[in-house]
Amino acid sequence: MLHYLIMSYKTFLSCLTVFFLLVSSCSANKLKAFRETRVALYTVVTITVYADSEQKAKTAIDATYSELDRLGRLLNFYSEDSEVSAINRYSGIKPVRVSEDTVDIIQRALYVSRCTDGAFDMTIGPIVKMWDFEKKIVPDKKSVGEKLNLVNYRNVVIDKANSTVYLKKMGMQIDLGGIEKGYAADRAVEILKKTGISAGIIAVGGEVKPFGLKPDGGPWRVGIKNPDQKNKDDELIAIVKLSNKAISTSGGYEKYFIKDGRQYHHILDPATGYPAYKCRSVSVIADNAPDGFPTGIFVLGPVKGMEVLKKYGLEGVIVDNNGEILATNGIRDKLEILRPHAGGGRK
Ligand code: ADP
Ligand code: MG
């Protein structure tokens with residue numbers, strides 16, 4: 001079995017927002033499970049495929065990682081030579097010609113922004129750059145306030161025909177970190193299918209997408225982590241049974257620090273520039289990875305969040321700030337609750 005871990009098992013698990021239960025390795029029709037984990041798009045990516053030969057699995061997995069690396073280079077918010085950086089450099093100056101993928105993902109981001117009334121907003125870039133989760137830097141209110149007028153997804157202009165993107169205000173910056181992983185997960189499944197793989201499961205950080213029939217005939221089972229920060233053992237709070245659906249999860253426990261007794265995480269409210277505290281984790285389920293929605297719903301909170309899920313025909317599981325688990329009607333019979341309540345509390 002392919003099993004190249006590039007980091008310790010513990011580190012690898014702690015990087016994942018959700019992780020799936022290990023699938024059985026054999027079946028009646030002689031398909032075996034092959035799995036590989038690498039870092040791509042600044043996150044841990046695990047690909048599991050069912051194939052009848054190691055060679056076939058390896059060819060498909062390598063092709064998929066090449067594509068993810070290519071997307072990573074286009075979309076990287078922090079490297080000067082990405083297409084995203086080119087768009088940001090020319091904000092307020094001129095439209096920038098970019099690849100079809102970059103235009104498509106920005107179009108997806110705009111759709112999610114409209115659906116969440118701007119709670120998901122890729123133009124949060126200048127604010128994101130003010131936070132440092134390694135050095136535990138909380139930007140001051142005045143500096144944040146000065147940049148907030150640059151945050152508005154309505155000032156992102158796409159020209160599909162010419163394949164250009166224009167940010168209307170000088171100083172604007174888009175950060176696709178909240179949506180690129182889902183786009184990548186969908187693309188990964190396309191590549192795997194094209195290379196002859198009929199079943200498998202891909203996890204790009206918190207984006208998990210199974211496809212095809214699991215050889216043992218059972219449903220794919222994807223775990224949702226307990227978002228309680230004190231839970232260091234990657235305990236699951238629930239399991240969702242899926243078939244040909246993707247699940248996207250965002251949680252305040254993924255990237256955070258504690259300073260002066262307060263917890264600061266990476267999901268920011270575009271209205272204030274500071275972390276949103278109405279939820280602890282949000283998982284959204286749809287045919288294509290609904291990335292962006294969990295982040296937006298996390299900001300909106302459970303009440304408005306549930307309304308958004310219903311309005312746009314999405315299923316979801318929300319852990320609110322009290323640790324209560326809320327689920328949409330359509331997912332309840334596919335949801336196995338392991339803990340009725342997330343433990344601990346948030347500071
Ligand atoms: P993760 O990166 O752990 O999957 P998310 O999908 O929730 O988590 O995305 C969070 C990232 O998206 C942040 O690191 C930041 O780059 C960006 N971001 C933070 N707040 C918002 C927001 N309200 N709208 C859009 N992007 C955001
Ligand atoms: Mg996301």
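Modeller: A definition to begin with: a salt bridge is a side-chain nitrogen of Lys or Arg within 4 Å of a carboxyl oxygen of Asp or Glu. With that rule, Glu67, Arg70, Asp101, Arg187 and Glu190 are linked in a network of salt bridges. This is a predicted model, in which local features need pLDDT of at least 70, side-chain atom pairs count only at pLDDT 80 or more, and totals for chains, interfaces and linings use all residues. Residues are numbered from 1 along each chain as its sequence is written, chains are lettered from A and ligands numbered from 1 in the order in which they are written, and side-chain values use heavy atoms, with hydrogens and water left out.

Biologist: How many salt bridges does a search of the whole structure find?

Modeller: The search finds 18.

Biologist: Is Glu67 buried or exposed?

Modeller: Glu67 is buried, at a relative accessible area of 12%, while Arg70 is partly exposed at 31%. The cut-offs are under 20% relative accessible area for buried, over 50% for exposed, and partly exposed in between (1.4 Å probe, protein chains only).

Biologist: And what about Asp101 and Arg187?

Modeller: Their side chains form a salt bridge with an N to O distance of 2.7 Å. Asp101 belongs to helix H4 (residues 100-115) and Arg187 to helix H7 (residues 180-194), so this pair ties together parts that are 86 residues apart in sequence. Asp101 is buried at 11%, and Arg187 is buried at 14%.

Biologist: Which partner does Asp333 meet in a salt bridge?

Modeller: Lys334, with 3.7 Å from N to O. Asp333 is exposed, its relative accessibility being 60%, and Lys334 is partly exposed at 36%.

Biologist: Which residues lie nearest its centre?

Modeller: Thr116, Asp117, Ala119, Val299 and Leu300, out of 24 lining residues. Helix H8 (293-300) and helix H9 (302-311) are the elements that give two or more residues to the lining, and the largest share, 3 residues, comes from H9.

Biologist: Where does that pocket lie relative to the domains?

Modeller: Between domain 1 (2-70 + 179-337) and domain 2 (83-178), because both give residues to its lining. The domain bounds come from an automatic or database domain assignment.

Biologist: What is the lining like by class?

Modeller: There are 13 nonpolar, 4 polar and 7 charged residues. Ala, Val, Leu, Ile, Met, Phe, Trp, Tyr, Cys and Pro count as nonpolar, Asp, Glu, Lys and Arg as charged, and the others, Gly among them, as polar.

Biologist: You listed Asp117 there. What is its phi?

Modeller: Near 55°, a positive value in a residue other than glycine. Asp117 is in the loop between H4 and helix H5 (125-128) and is exposed at 62%. Asp260, not a glycine either, has a positive phi of about 45°. It sits in the loop between strand S11 (256-259) and strand S12 (262-265), exposed at 76%.

Biologist: Now something from a strand. Where is Val156?

Modeller: In strand S4 (residues 156-159), and Val156 is buried at 7%. Beyond its neighbours within four places in sequence, Val156 has contacts (heavy atoms within 4.5 Å) that include Ile106, Leu110, Met122 and Ile174. The C-alpha atoms of Val156 and Ile174 are 8.8 Å apart.

Biologist: Last one: how many helices and strands are in the protein?

Modeller: 9 helices and 16 strands. Of the 347 residues, 57% are buried.

How values were computed
Helix = DSSP H or I, 4+ residues; strand = E, 2+ residues; numbered from the N terminus. 1 Å grid on protein atoms, 1.4 Å probe; cavity = no way out; pocket = protein on both sides within 12 Å on 5 of 7 lines; lining within 4 Å.
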